[in-house]
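This briefing concerns how two parts of one chain meet and what lies where they join. Please look at the structure first, then read the points below.

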Amino acid sequence: MDVFRIQGPVQLKGHIQVNGSKNAALPIMAACLLAPGKSTIQGVPDLSDITVLKDLLGELGCPVTTLQDRSVQIDATNITRPVGDYEIVRRMRASICILGPLLARCGKVEVSMPGGCAIGDRPINIHVSGLEQLGAKFHLENGNVVADAPKGGLKGAEIFLGGPFGSTVLGTANVLMAATLARGITVIESAACEPEITDLAHCLNKMGAKISGIGSPRLTIEGVSTLTPVTHRVIPDRIEAGTFMIGAAITRGELALTNCHMGDLMAVVHKLRSLGVTIESSDEGCCVAMDRHVAATDVTTHPFPGFPTDLQAQFMALLALAEGNSVVIEKVFPDRFMHVAELNRMAANLRKEGPCVIVAGVKKLIAAPVMASDLRASAALVLAAMAAHGTSVINRVYHIDRGYERIEEKLNPVGANIVREKA
Ligand code: EPU
């Protein structure tokens, strides 16, 4: 198992090219199952989560070939076995995004029920209820979710996808993908508006789907009988970009980010600017600079266009060094606070109260051995370690490799001192 040995404090200065989005690439690669033939998806980051999906698609009978320049070709000519086995699904919860496409294309699907994870329970009840409203029948068998489409196929319906924590991103993806091949019109109310869903909808339309209302919480889908293979480039990864923006702020440095859509990050840009961080748009992205400790602030996570839960941990690392007290409220995954105890090991002063954390800003963080618990929590620890005094050791780096492509190779050229070692 790899560990990171990170020397701080450092100041990040230079240029970073942001990758294509993991969370757009995953459902878009699954969407290729809807179209018999070979689709090409470009800008796919080289991450362990993407490898899991490639393995899963291969098991379904749809081999994935890695081409040059981060493109992948998915051959969905035949689906031989519409089953997502436990052994693969347990490696990545997002494997659930094969549910909708397989149900629509094959009329049946069996996927191992994803369990909880470090960020919470993560149920799939809304995915299931949305697909049931299209006519599917579900039951649970040996820990697998088994679904059958009715004779004659799925049928369009009016579907409400809201839940206790707002909409659901992958739930919207599943119902949207299934509805493209359902008979008649489907209207999804309270659809997720995340840029990754917008990208998926544009990709589906390129395949011949008829989706309108893209980017809004009401998606209207006119079912078609077939979809055709596509070539599509995924959007830039807004969470990777946001992590680097916070990296510039926490190290009081200056980063130019390219392949970055500032419009997908307005809640974060707005918050950082309110703390004194300078963010200017550039031709292909933005420049982020900071020359002092940030001011304290309160932040609440929400579904898009609100402040993203996927940047909550990283932002908390920044606020740990703010001048004054801040409050962080998590409204998407109320238990997503595994980083709190680890940041406290680095001399942060954080106190968890239910779905809130009270952050009393400290003058400096002190290096420590810490444990990565999930993807974004690990990113927060990397940021904190770059600002902390001394050498931190981050264990279980495989969590960060799930969502950041060789992060040390991106950060070292701009001033970080991160060594990957075998533990
Ligand atoms: N929820 C339900 N029932 C459901 C589905 C979701 O109650 O059937 C709840 C969840 O428990 C959570 C909230 O609704 O409280 C939102 O969950 P959502 O379904 O939107 O999450 P997801 O689709 O499983 C995606 C991203 C996550 C990101 C969330 C929220 C992918 C592959 N994953 O997950 O990304 O945090 O949306 O924006 O797109 C990450 O990249 O680190 C990550 C965890």
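On the side of domain 1 that touches domain 2, the residues divide into 8 nonpolar, 2 polar and 13 charged, with Gly counted as polar and Asp, Glu, Lys and Arg as charged. The model is predicted, so that local features need pLDDT of at least 70 and side-chain atom pairs count only at pLDDT 80 or more, while totals for chains, interfaces and linings use all residues. Residues are numbered from 1 along each chain as its sequence is written, and side-chain values use heavy atoms, leaving out hydrogens and water.

**Domains**
- The assignment, which is automatic or from a database, gives domain 1 as 2-18 + 236-422 and domain 2 as 22-233.
- Taken over C-alpha atoms, the centres of domain 1 and domain 2 are 30 Å apart.

**Salt bridges**
- The interface of domain 1 and domain 2 holds 4 salt bridges, each requiring a side-chain nitrogen of Lys or Arg within 4 Å of a carboxyl oxygen of Asp or Glu.
- Glu196 forms a salt bridge with Arg238, and their closest N and O atoms are 2.8 Å apart.
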